[in-house]
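Here are some notes for a colleague who is opening this entry for the first time.

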Amino acid sequence: MSSCAFSTSALRETSLQNHEWICRKPSDLKKNCISVDVSHLKMTWHNSMRWKQTGSRVQCRALDVENNRAFLKGELFQLDDVIEAQQFDREILSAIFEVAREMETIEKESRGNQILKGFLMATLFYEPSTRTRLSFESAMKRLGGEVLTTENAREFSSAAKGETLEDTIRTVEGYSDIIVMRHFESGAARRAAMTANIPVINAGDGPGQHPTQALLDVYTIEREIGKLDGIKVGLVGDLANGRTVRSLAYLLAKYNDVKIYFVSPEVVKMKEDIKEYLTSKGIKWEESSDLMEVASKCDVVYQTRIQRERFGERVDLYNEARGKYIVNRDVLSVMQKHAVVMHPLPRLDEITVEVDDDPRAAYFRQAKNGLFIRMALLKLLLLGW
Amino acid sequence: MSSCAFSTSALRETSLQNHEWICRKPSDLKKNCISVDVSHLKMTWHNSMRWKQTGSRVQCRALDVENNRAFLKGELFQLDDVIEAQQFDREILSAIFEVAREMETIEKESRGNQILKGFLMATLFYEPSTRTRLSFESAMKRLGGEVLTTENAREFSSAAKGETLEDTIRTVEGYSDIIVMRHFESGAARRAAMTANIPVINAGDGPGQHPTQALLDVYTIEREIGKLDGIKVGLVGDLANGRTVRSLAYLLAKYNDVKIYFVSPEVVKMKEDIKEYLTSKGIKWEESSDLMEVASKCDVVYQTRIQRERFGERVDLYNEARGKYIVNRDVLSVMQKHAVVMHPLPRLDEITVEVDDDPRAAYFRQAKNGLFIRMALLKLLLLGW
Amino acid sequence: MSSCAFSTSALRETSLQNHEWICRKPSDLKKNCISVDVSHLKMTWHNSMRWKQTGSRVQCRALDVENNRAFLKGELFQLDDVIEAQQFDREILSAIFEVAREMETIEKESRGNQILKGFLMATLFYEPSTRTRLSFESAMKRLGGEVLTTENAREFSSAAKGETLEDTIRTVEGYSDIIVMRHFESGAARRAAMTANIPVINAGDGPGQHPTQALLDVYTIEREIGKLDGIKVGLVGDLANGRTVRSLAYLLAKYNDVKIYFVSPEVVKMKEDIKEYLTSKGIKWEESSDLMEVASKCDVVYQTRIQRERFGERVDLYNEARGKYIVNRDVLSVMQKHAVVMHPLPRLDEITVEVDDDPRAAYFRQAKNGLFIRMALLKLLLLGW
């Protein structure tokens, strides 16, 4: 249930159950959200609900959505912000993917689409990520919107003088209609969203979340394989540190009959929390050290980069880990005809260049899908369904 | 009297009195300025007038305006450039503020205003200032204009190879319609304006001027308090180094019955030049070490940041100065109901976060007013009244 | 013969002669290029032709144009990319210059031209060059196009993580319609063009090429002097390291009765390869140490900057070289009335500031011409003639 649905339904204790809430003071709330006074609410504290009280006012805002909702054209989008992959369930993902498909058509066919004309997006990047920034800025401009850019907010801005993130957000929201933020600290995006009265999209916050990457990964699997239920996915490479594979595993757990294979050097194995989560959701998974066997069974081989910086001075361990599981022509030769190789990019040599020409090499199409997903989210957050 | 008024009025010796002039060769002058030959002019040298002769031609251009002028819709703006707060007197300020009010309406109501469509603004920042840059770029884009950005011209550009500012300006003016410049050297904006045949706006030149900040401060006081004559203003914090408070004191001197209180640690007291200037203009001022008493009397408490870099290795002095005058709930409790707290931002802890929720906390509205003032100036410089 | 002409003409062995070809796999080819299978082609290897075979497919793409071609309005441009000055012969240069003249009119007269509306240009700068970047971005925006900017791709992007240029290009081409690239490695632009399915413009690749600078230099000579055949040009300064003068010498060799004078300190003399090339093309040249005499004869005195970094620790040699040939009022005094002084900028003191006011000082007009040439190329690559 979103803050908007909230505004039109009766306030009952039950209506707040099973939902995570992030709240802020009603006077700050944009759109049509009602004012809520602490004294009128029976506040029951669930794990999935958060309230924050400031003075005599309660701050309230949804970061999760309930099951009964409308995706009708013209309806408001259920989310105010895009902060983490957990905000999305399979129904809303499916609806977003439909919009992304429309965006593919718009991008290909109509030069100079103007549905976001007059909207201004601020890209507040506290950490450089040219790829992600350009993808968002392209998405905005493909829909006729405009962009305010900071390529390296950390070095340049008032942050260097000691300004809090909250103060920066309060200033920047005065200059724009939506903020896309990349930050080096886990949780920064959530803090920004709680402060801002305009939508915030998390474009990666440190070791935390990178939800648009997770969405484009799932979108790519559906586009390439044609389904999400019943798929077999091999996650390969650095599974301990890669937030991409962790988010992907999390999202895949929303689908039925999924089987996940973990293929990684010993030092960067998938951590227990994700394994336990998958088990709790009834998702089958197994670890394997045989990439060839896994590749022959999977619909998706999802390769990732081994990050040198994780190994400190142990260059020997890095080199060993790095060379262990390479996707090359041999791996291709055992893969099924309909299967695909994915990679969040950038890659080094964990996928050899000879793979690029194979139609099953999906990673550049995957990167392009990021554009469509971001176009869809910008459209939804600014205009609604 | 501006170069434009100049072009339509008779050339009399008297018409040049009491005005500061910066001049350049008439053949360089854009718009409808007449050509002036040295031999046709009785050149009388006042303190408030400057002529520069190159070869046989006199360079002439107004940096100040005279009293009898038109603010009629469609008329040219009196200024070619915005270089320093001293260019503005209360009549032109008042007229600019009216335009800024229109800009508030445009920003709120009409998505995709296009009055500056086809105009190109170059932001030439030799020193990073994300806040100021985004504010200008937002202003331009909110009016349909386009922007060429340099986030850090000092490091990147030909400046690193030893090019003069004048050469850079001559190149950049070929690519754009207006230049917004931030520079680390006092006087750089004036040099740029003398070179350029397109308007230049000073977005801060080192310890020198930052006129749009001064304008937005005065605009905010008028918006919040409803008047400028007769107000009482407490300037708090670093009064020795803050160009903001110095410019504000200067501008306030244009109004009647103003009273200014200086509240600052001993090491960063307001300098004598401003005090003497205020006295010479008949403005009452006094120094105080009692923030509570000042706060209870003032319409505006204008807090500023103590800048650590001013104290060198004397961390002890910095810490003492920094903690001395904090605006917190206690200060709020003695302030009048209609009074406001202002701050040029960024802030550290000289205003506590608990103040933010009080309706008298005006600093984020003040930052937003920067947008409206900049929209107004861009409109006026490019299109006229 | 371009890939486009290729698509409409019969495939004969002779049609491939005397042309340089860079090829890529037909399935990658944008526009209307036909698919070519190796087995259907008699492949004859000329020096001026290059084929690259990948698997069973031949990659093919023109980087040169043939003589019989159309410059009719609406026809496709003969080039897919702008990589090096050698791609242009005098017929196509002349046609491009006509378009550049139209661009002068567009820039001056019609505010908000929209012929490139809906097109997105990515400026991928691996090495900072504010001047060149702003010139391209202004060109795009003056025609209604939009821009994605990277001010310093080298530091920021995935390149820092070890991604290949090819992978970066494949991602960025998904977000834009044309790529303008500056790189620190010679040959990088060609590699980018071979990878990309959208046009690539080389905005300088290390010591290699900077073709738009070469074009704007020739365009400036024609605009200023009124002709290219029969002109006398003095190239002054650092002739050993300046890629500008090398490219200019190369392009001037395409015209008749040209005479070139080399005036440079001993340590930075023009290299033998260019001298031999000029001789082979029947272009007269001579070396001189007498700037005054050369200046009195030439139509164009093309001055360049002596680059300190070329001298290492030999500051004495640098200072000697630097002071040797200065264009000042004395030089002006012997120059012909119709002659001009040019410079690629930035300048230090190799042209004194007193020269700036002389109508024969053409270097700022030359910089502005860069805008028109770039507008023309963007228009041609994206829309055709």
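**How the chains meet and what their rings do**

1. In this predicted model, only 11% of the interface residues of chain A are also interface residues in chain C, so the copies meet through different surfaces.

2. Chain A is superposed on chain C by a rotation of 120° with 0.0 Å of shift along the axis, and the RMSD is 0.0 Å. This is the relation of a three-fold axis. Within chain A, the C-alpha nearest that axis belongs to Glu151(A), at 4.7 Å from it.

3. Two contacts of a charge with a ring run between chains: Arg111(A) lies over the face of Phe119(C), 4.0 Å from the ring centre, and Arg111(B) lies over the face of Phe119(A), also at 4.0 Å from the ring centre.

4. Over all chains, the structure holds 21 aromatic pairs. One of them joins Phe311(B) and Tyr318(B), whose ring centres are 5.8 Å apart and whose planes stand at 55°, so the pair is tilted. Phe311(B) and Tyr318(B) are both buried.

5. Phe77(C) and Trp385(C) form an edge-to-face aromatic pair, with 5.5 Å from centre to centre and 65° between the planes. Because Phe77(C) lies in the loop between strand S4 (61–62) and helix H2 (90–109) of chain C, while Trp385(C) lies in the segment after helix H13 (363–383) of chain C, the pair ties together parts that are 308 residues apart in sequence. Both Phe77(C) and Trp385(C) are buried.

Methods
Residues are numbered from 1 along each chain as its sequence is written. Chains are lettered from A and ligands numbered from 1 in the order in which they are written. This is a predicted model: local features need pLDDT of at least 70, side-chain atom pairs count only at pLDDT 80 or more; totals for chains, interfaces and linings use all residues. Side-chain values use heavy atoms; hydrogens and water are left out. Rings of Phe, Tyr and Trp (its six-membered ring) pair if their centres lie within 6.5 Å; planes under 30 degrees apart count as stacked, over 60 as edge-to-face and the rest as tilted. Buried means under 20% relative accessible area, exposed over 50%, partly exposed in between (1.4 Å probe, protein chains only). Helices (H or I, at least four residues) and strands (E, at least two) are DSSP runs, numbered from the N terminus. A charge sits over a ring if NZ of Lys or CZ of Arg is within 6 Å of the ring centre and within 35 degrees of the ring normal. Copies are superposed by least squares on the C-alpha atoms of residues with pLDDT of at least 70 in both. Contact means heavy atoms within 4.5 Å.
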